[in-house]
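The sequence and coordinates follow, and the notes after them are grouped by topic.

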Amino acid sequence: MGPKGVKGELGDAGDQGNIGKTGPIGKKGDKGEKGLPGIPGGKGKAGTVCDCGRYRKVVGQLDISVARLKASMKFVKNVIAGIRETEEKFYYIVQEEKNYRESLTHCRIRGGMLAMPKDEAANTLLADYVAKSGFFRVFIGVNDLEREGQYVFTDNTPLRNYSNWKEGEPSDPYGHEDCVEMLSSGRWNDTECHLTMYFVCEFIKKKK
């Protein structure tokens, strides 16, 4: 083999090769500093007008309803002396001190009347009711408010068939005692209408 020739000159740079594979993802960088405050936002839209009057009215009506309910519940709670009844009627002693006219109204708005003992049986039942409830006297539905000295029941029927006056009663020398109370003995006594005491309501049973 002959002698080695002289080394040739460096050739031109070849073309760029293909792009290699992507390297591994680097570690997460440190948290950046807090940015500057933003520009204040624009003015918001005006709110809608409240129809408050209507709501106040509704709330007011609810308050009235609640007050009425409380009054009715108070009435029921105060009729704790129990109930007496006959074949035709119920009797309640209402344990709220009222004057005569208030007692009349109290019974009427509940669909009844002040109790009217029109015979011995009803009077005896009411007297026993009053005595066993531990009361001394109650208003009953008898008065002479229309004509002095002419006592009638609150349904305007006269006392023709029955009355049970205490001895010496009715005695009203000054014309001030126009209303009637029943004592725990069952006897009746005329008394002043403005005085306040418990009272008995009667309710007619509804026929089935």
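Predicted model: local features only at pLDDT ≥ 70, side-chain atom pairs only at ≥ 80, totals over all residues.

Met-182 has Trp-188 in strand E7 as its bridge partner. The strands involved, E6 and E7, are antiparallel and share four bridges.

**Strand E6 and its neighbours**

- E6 and E7 make a hairpin with four residues between them. In the turn, Gly-186 has a positive phi of about 95°.
- Strand E4, residues 137–143, is joined to E6 by four bridges, and the two run antiparallel. Within E6, Glu-181 has Phe-139 standing opposite.
- Five of the five residues of E6 are buried.
- Burial applies to both faces of E6: Cys-179, Glu-181 and Leu-183 are on one side, while Val-180 and Met-182 are on the other.

**Disulfide Cys-179 to Cys-193**

- The whole structure contains two disulfides. One of them joins Cys-179 to Cys-193, with an S to S distance of 1.9 Å.
- The torsion about the S-S bond is about 95° for Cys-179 and Cys-193, so this disulfide is right-handed.
- Cys-179 belongs to strand E6 (residues 179–183), whereas Cys-193 sits in the loop between strand E7 (188–191) and E8, so the link ties together parts that are 14 residues apart in sequence.
- Cys-179 is buried at 0% relative accessibility. Cys-193, at 17%, also counts as buried, because the cut-off for burial is under 20% relative accessible area.

**Disulfide Cys-107 to Cys-201**

- A disulfide is also formed by Cys-107 and Cys-201, with the sulfur atoms 2.0 Å apart. The link of Cys-107 and Cys-201 is left-handed, with -85° about the S-S bond.
- Cys-107 is in helix H2 (residues 100–108) and Cys-201 is in strand E8 (residues 197–204), so the pair connects parts that are 94 residues apart in sequence.
- Cys-107 has a relative accessible area of 0% and is buried. Cys-201 is likewise buried, at 0% relative accessibility.

**Strand E8 and its pairing**

- E8 is largely enclosed by the rest of the structure, because six of its eight residues are buried.
- Seven bridges connect E2 and E8 in the antiparallel sense. Met-197 in E8 has Lys-98 opposite.
- Strand E3 (residues 113–114) also runs antiparallel to E8, and two bridges join them. The bridge partner of Leu-114 is Cys-201 in E8, and Cys-201 also forms the disulfide with Cys-107.

**Aromatic rings**

- There are seven aromatic pairs in the structure. One of them is Tyr-92 with Phe-203, whose ring centres are 5.0 Å apart and whose planes are at 50°, so the pair is tilted.
- Tyr-92 is in strand E2 (residues 89–98) and Phe-203 in strand E8, so this pair ties together parts that are 111 residues apart in sequence. Phe-203 is buried, at a relative accessible area of 12%.
- Tyr-162 and Trp-188 form an edge-to-face aromatic pair, with 6.0 Å from centre to centre and 80° between the planes.
- Tyr-162 lies in the loop between strand E5 (152–153) and E6, and Trp-188 lies in strand E7, so the pair links distant parts of the chain, 26 residues apart. Both Tyr-162 and Trp-188 are buried.
- One aromatic cluster is made up of Tyr-151, Phe-153, Tyr-162, Trp-165 and Trp-188.
- A lysine, Lys-205, lies over the face of Phe-90, 5.0 Å from the ring centre.

**Surroundings of Asn-123**

- Asn-123 is part of helix H3 (residues 120–132). Asn-123 has a relative accessible area of 2% and is buried.
- Which residues is Asn-123 in contact with, leaving aside its neighbours within four places in sequence? The contacts are Pro-117, Tyr-162, Asn-164, Met-182, Gly-186 and Trp-188.
- Among these contacts of Asn-123 are Met-182 and Trp-188, which are bridge partners. Gly-186, another contact of Asn-123, is in the turn of the E6 and E7 hairpin. Tyr-162, also in contact with Asn-123, forms the edge-to-face pair with Trp-188.

Terms used: Residues numbered from 1 in each chain as written. Heavy atoms only, no water. Disulfide = S-S within 2.5 Å. Buried < 20%, exposed > 50% of the residue type's maximum accessible area, 1.4 Å probe, protein only. Pairing = 2+ DSSP bridges. Phe/Tyr/Trp six-rings, centres within 6.5 Å; stacked < 30°, edge-to-face > 60°. Lys NZ or Arg CZ within 6 Å of the ring centre and 35° of its normal. Contact = heavy atoms within 4.5 Å.
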